[in-house]
Amino acid sequence: MRYQISGKQIDIGDALQSHCRSEIEEVISKYPGRPTDALIVFSRDAHEYACETVVHLSTGMTVQAKAKTTEIYAAFDAANAKMEKQLRRYKRRLKNHHQERTHPVELSNASSYILAANADGADEADEPETLTPIIVAEMETHIPSLSVGEAVMQMELAGAPVLVFRNDKQANGVNVVYRRDDGNIGWIDPNAAT
């Protein structure tokens, strides 16, 4: 398994790196799906340390957790505990997903954009000079090919509010699952409307 342990403008010592490796391996060994790589990023915000962990499994699923505390080791331990809780919650589904799928999740390339908010403080009712939005960042992202159940599980594991995926059951169906304000999960299937 590949590890990438880094800090944003803080120094990460060898002791913390070995602690992270051993704790991640201990958590992942309990659950199905061999990990391929782990990304752990530490940062500091005023008096708190933040830790973000992302582990990619060989099945194509991703587990992600974040935590903040005043101690750097405690920040990692809290994020690791959140990740373990997510894996424990989805253990049966991960095991079934791993047995049913004979090949890893297929990923398609796509572009992802971050658009700038209204910076000048003008009211949104005012007509802008141009309808072209200002692009702050442009990145490459991947769209997984999953079933609806797998997409909901992936969204929950990643802690994301929304997930765009290519539906396995349809030839060219791009679908969206999202967390609704009422706590339920919404599913947008454009092909069902036709």
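Colleague: Is E156 buried, exposed or partly exposed in this predicted model?
Modeller: E156 counts as partly exposed, because its relative accessibility is 22% and the buried class ends under 20%.

Colleague: Which side chain does E156 meet in a salt bridge?
Modeller: The partner is R179, with a distance of 1.8 Å from N to O.

Colleague: How many salt bridges does a search of the whole structure find?
Modeller: The search gives four. Among them is one between D37 and R2, whose closest N and O atoms are 3.3 Å apart. This pair links distant parts of the chain, 35 residues apart, with D37 in strand β2 and R2 in strand β1.

Colleague: Are D37 and R2 buried or exposed?
Modeller: D37 is buried, at 17% relative accessible area, whereas R2 is exposed, at 58%.

Colleague: What does R180 pair with?
Modeller: R180 forms a salt bridge with D182, and the closest N and O atoms are 3.1 Å apart. R180 is partly exposed, with a relative accessible area of 38%. D182 is also partly exposed, with 46%.

Colleague: Let us turn to the sheet. What is the order of the four strands?
Modeller: The order is β1-β2-β3-β4, in an open sheet with mixed pairing.

Colleague: Which strands are at the edges?
Modeller: Those are β1, residues 2–8, and β4, residues 62–69, each of which pairs on one side only.

Colleague: By how many degrees are neighbouring strands turned against each other?
Modeller: The average for this sheet is 10°, with direction ignored.

Colleague: How many bridges join β3 to β4?
Modeller: There are eight, and the two strands run antiparallel, with β3 covering residues 48–57. On the β4 side, V63 stands opposite V55.

Colleague: One last topic, the helix. Which strands does α1 lie across?
Modeller: Helix α1, residues 14–28, lies across β1, β2 and β3. Strand β2 spans residues 35–45, and the helix runs at about 130° to β1.

Notes. Residues numbered from 1 in each chain as written. Predicted model: local features only at pLDDT ≥ 70, side-chain atom pairs only at ≥ 80, totals over all residues. Heavy atoms only, no water. Pairing = 2+ DSSP bridges. Axes fitted to C-alpha atoms, helices over the stretch in contact; angles between N-to-C directions. Contact = heavy atoms within 4.5 Å. Buried < 20%, exposed > 50% of the residue type's maximum accessible area, 1.4 Å probe, protein only.
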